[in-house]
Amino acid sequence: MERLTVRNSEGIGVLKQPYQCERCGDLQWSLPDLGNGSPTDRLAEYEDLGLTPEQLIEVDRLYAEKCKELTELQRSYLSGLELAQIWAELEKLKEYRNLEEQGLILRVPQIKKGKTLYWIWGDEIVPVLFRRITSCVVDNNGNPHVMCEMATKKDRTFVHTYRRKIVAHTFKAGDKRYFYSEDIGKSVFLTKEEAETALKELEEVRENEID
């Protein structure tokens, strides 16, 4: 495209070929300024782009078309409100993670009332019934715990060694016992097999300590 303007030494757009003013007869290098800035300089800016008017019209059309497509995509996926809600949920998850790292979030065991649990007491495995979650307590170190209640299933007497003495202990059916939720998998087990494996490992540790 042949240019109608050029840039002078100051970088201002001027006409490539001057024209003679009809009023004063002088040669003019720019079109009259009608209050919106130099039209010659604005024309130079367009010509600097290196695009024809037809190409500029096509660019504008494509831009409008892509804006419309983007709007449709946003409507198809997430609105501004939905994005704000997602951000709020992420902030909440971040807060929960921080609380968990500080040990301030407790995990409540998902155990149904009346389920049989297996409690390692001394050298024995005692079948018990899960009763309920009783409360949240804080130990002497300031650590929170979920307290759970269990009850022995039936009368049973155990004989075990306590401080090098043979001691007999009787559990009455329905006797209440309490444990922390984190004791599950340590001293209280969901299956008898898990309890037997843990007791065997405990006995091996005791034997090694005696040796």
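A residue counts as buried under 20% relative accessible area, as exposed over 50%, and as partly exposed in between. The model discussed here is predicted.

By that scale, E204 is partly exposed, because its relative accessibility is 40%. E204 is found in helix α4, which spans residues 192–210. On the surface, E204 gathers with E201, E203 and E207 in a patch of negative charge.

A patch of positive charge also lies on the surface, made up of K153, K154, R156 and K192. R156 belongs to strand β8, residues 156–162. With a relative accessible area of 33%, R156 is partly exposed.

Which residues does E149 touch, leaving out those up to four places away in sequence? The contacts are L129, F130, R131, R132, T134, K176, R177 and Y178. E149 itself sits in strand β7, residues 144–152. Its relative accessibility is 1%, so E149 counts as buried.

E69 lies in helix α2, which runs over residues 53–76. At 39% relative accessibility, E69 is partly exposed.

The accessibility values are collected below.

| Residue | Relative accessibility | Class |
|---|---|---|
| E149 | 1% | buried |
| R156 | 33% | partly exposed |
| E69 | 39% | partly exposed |
| E204 | 40% | partly exposed |

How values were computed: Residues are numbered from 1 along each chain as its sequence is written. This is a predicted model: local features need pLDDT of at least 70, side-chain atom pairs count only at pLDDT 80 or more; totals for chains, interfaces and linings use all residues. Side-chain values use heavy atoms; hydrogens and water are left out. Helices (H or I, at least four residues) and strands (E, at least two) are DSSP runs, numbered from the N terminus. Buried means under 20% relative accessible area, exposed over 50%, partly exposed in between (1.4 Å probe, protein chains only). Contact means heavy atoms within 4.5 Å. Patches are made of residues with over 30% relative accessible area and no salt bridge: like charges are joined within 9 Å, nonpolar side chains (Val, Leu, Ile, Met, Phe, Trp, Tyr) within 5 Å. Accessible areas come from the Shrake-Rupley method with a 1.4 Å probe; for residues, only the protein chains shown count as cover. A salt bridge is a side-chain nitrogen of Lys or Arg within 4 Å of a carboxyl oxygen of Asp or Glu. Lys and Arg count as positive and Asp and Glu as negative; His and the chain ends are not counted. The place of a charge is taken as NZ of Lys, CZ of Arg, CG of Asp or CD of Glu.
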